[in-house]
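Q: I am new to reading protein models. Can you walk me through this one, feature by feature?

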Amino acid sequence: MSTLPRFTLPLPAADFLRDYWQRKPLLARASATGLAIPDPDTLAGLALEEGVESRLIMGAQDSPWTLRHGPFDEDDFRTLPEQNWTLLVQSVDYCLTEVSLLLDSFDFLPPWRLEDIMISYAVRGGSVGPHFDQYDVFLIQASGQRRWQLGPACDADTPLQPHDSLRLLADMPVQEEHLLGPGDVLYIPPGVAHWGIAEDDDCVTWSVGFRAPRRADLLARLTDECLADMPETLFTDPGRDLPQDAAGLSDADVQALTEQALSLLTPERTRRALMQLLSEPRQGNQNGPDFAGLDFEVDTGHIRAAAPHATLVRRGSTRLLADASGLWLNGEHVPLPDDSRGLGTYLASRRLYDAPSLAQHAGEAGMELLNEWIEQGFFVSLE
Ligand code: SIN
Ligand code: CO
């Protein structure tokens with residue numbers, strides 16, 4: 001039977017957000033299904049592709065760690081040892097639309113907060129070593145067993161092993177240990193030390209990662225976008241008081257200068273800049289305007305069998321956000337025709353669409369736009 005990937009939180013979403021999200025790990029046993037696609041050969045095939053980000057990590061507790069970046073060739077895989085290696089493929093959801101459908105299970109968070117799905121394949125003993133990530137992650141065991149050890153919260157001062165490119169912890173006191181089998185899920189907040197070692201061959205783990213923009217990048221983008229096409233306006237100070245500080249800059253002037261500068265960041269301009277930034281595909285996967293993810297075949301037969309009511313699917317590499325001004329598609333703003341105002345919200349809030357809902361949300365002009373997007377590869381018809 002064909003099933004789509006699915007994750008269900010084992011507690012009410014509001015409780016998860018209050019007690020666990022960004023705060024503490026959560027083990028959710030038997031909470032994910034439909035993880036048979038991709039098989040290990042398909043995953044290895046992705047690691048041969050030029051536009052796909054992949055890594056091969058070898059090593060274990062008492063043998064040295066090495067990291068190699070893809071793309072790999074078939075000989076690289078033929079010469080691997082029997083134990084202690086992991087192949088990691090980043091943004092598999094961008095390449096395999098079937099995998100991206102898991103993300104609909106994460107609707108307890110806003111869509112802009114999702115980043116991508118990495119999938120790892122390991123043989124016995126394989127791991128990426130003890131480390132911490134800066135981002136939240138849901139680790140979903142798809143096949144085989146992996147033993148996860150969890151340690152304390154870490155930060156930039158936590159001592160690391162001397163390695164050029166792998167940021168491995170010098171020491172990881174184990175505070176919790178869990179053996180995960182197929183369908184088990186472990187949520188880990190940013191900073192928490194973790195180390196997952198494959199207990200058997202064919203150990204496949206999906207990592208749902210989240211987008212947390214760097215604050216400096218947000219500020220840079222806001223100022224860039226708000227200053228674009230801005231008419232030159234100068235500082236003004238009618239009715240000013242006599243200077244209290246004859247030699248420098250008074251606090252009142254600091255305040256007036258700052259306020260006048262920040263007044264350029266109007267709510268409309270900042271919303272526009274943020275919608276653009278947050279609807280852009282993941283950095284590292286952007287290959288100019290022809291995003292690599294659009295080249296991958298969609299397994300429409302599988303999706304059709306698993307979701308018989310769906311007539312349209314969003315391509316895994318299509319990132320969408322919507323607001324009152326229209327739809328934001330991979331960083332581009334598209335105003336919606338008058339007869340299809342609700343189409344943006346419908347398209348951006350899920351990945352599978354059915355004919356009655358499409359007819360309800362899109363008029364003739366909206367359907368035409370949708371057909372253009374199907375031709376360009378942003379959506380795929382299942383009919
Ligand atoms: C893995 O899948 O082996 C590693 C994922 C992680 O630790 O973040
Ligand atoms: Co990690």
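**Reading the model step by step**

A: Start with one residue: Ala 36 sits in the loop between strand 3 (32-33) and helix 2 (40-46). Helices (H or I, at least four residues) and strands (E, at least two) are DSSP runs, numbered from the N terminus. The model is predicted: local features need pLDDT of at least 70, side-chain atom pairs count only at pLDDT 80 or more, and totals for chains, interfaces and linings use all residues. Residues are numbered from 1 along each chain as its sequence is written, chains are lettered from A and ligands numbered from 1 in the order in which they are written, and side-chain values use heavy atoms, with hydrogens and water left out.

Q: Is Ala 36 buried or exposed?

A: First the scale. Buried means under 20% relative accessible area, exposed means over 50%, and partly exposed is in between (1.4 Å probe, protein chains only). Ala 36 has a relative accessible area of 65%, so it is exposed.

Q: What does the whole chain look like in numbers?

A: Count the elements, then the spans. The protein chain has 12 helices and 19 strands. Its C-alpha trace spans about 80 × 60 × 45 Å along the principal axes. Of its 383 residues, 48% are buried.

Q: Which residues are the protein donors of the cobalt ion (ligand 2)?

A: Donors are N, O and S atoms within 2.8 Å of the metal (3.2 Å for Na, K and Ca); water is not among the atoms, so sites may look incomplete. Here the protein donors are His 131 (NE2), Asp 133 (OD) and His 194 (NE2), lying 2.0 to 2.1 Å from the cobalt ion. Along the chain, the donors follow the spacing H-x1-D-x60-H. His 131 is buried, because its relative accessible area is 11%. Asp 133 reaches 27%, so it counts as partly exposed.

Q: How do I read a salt bridge?

A: Side chains of opposite charge can pair when their charged atoms come close. A salt bridge is a side-chain nitrogen of Lys or Arg within 4 Å of a carboxyl oxygen of Asp or Glu. A search of the whole structure finds 18 salt bridges. In one of them, Glu 177 pairs with Arg 147, and the closest N and O atoms are 3.1 Å apart. This pair links distant parts of the chain: Glu 177 is in strand 10 (residues 176-180) and Arg 147 in strand 9 (residues 146-153), 30 residues apart. Glu 177 is partly exposed at 40%, and Arg 147 is partly exposed at 27%.

Q: Which residue forms a salt bridge with Arg 271?

A: The partner is Asp 323, with the closest N and O atoms 3.1 Å apart. Arg 271 is partly exposed at 49%, whereas Asp 323 is buried at 18%.

Q: How far apart are the closest N and O atoms of Arg 341 and Asp 338?

A: They are 2.6 Å apart, and the two residues form a salt bridge. Arg 341 is partly exposed at 48%. Asp 338 is exposed at 67%. Salt bridges can also join up: Asp 15, Arg 18 and Asp 19 are linked in a network.

Q: Where are the cis peptide bonds?

A: Read the omega angle. The bond from Ile 37 to Pro 38 is cis, with omega near 10 degrees. Pro 38 lies in the loop between strand 3 and helix 2. Another cis bond joins Gly 70 and Pro 71, with omega about 5 degrees. Pro 71 is in the loop between strand 5 (63-69) and helix 3 (74-78).

Q: What is the phi of Ala 30 and of Asn 330?

A: Ala 30 is not a glycine, yet has a positive phi of about 45 degrees. Ala 30 is in the loop between strand 2 (26-28) and strand 3, and is exposed at 70%. Asn 330 is not a glycine either, and has a positive phi of about 45 degrees. Asn 330 is in the loop between strand 16 (326-329) and strand 17 (332-334), and is buried at 16%.
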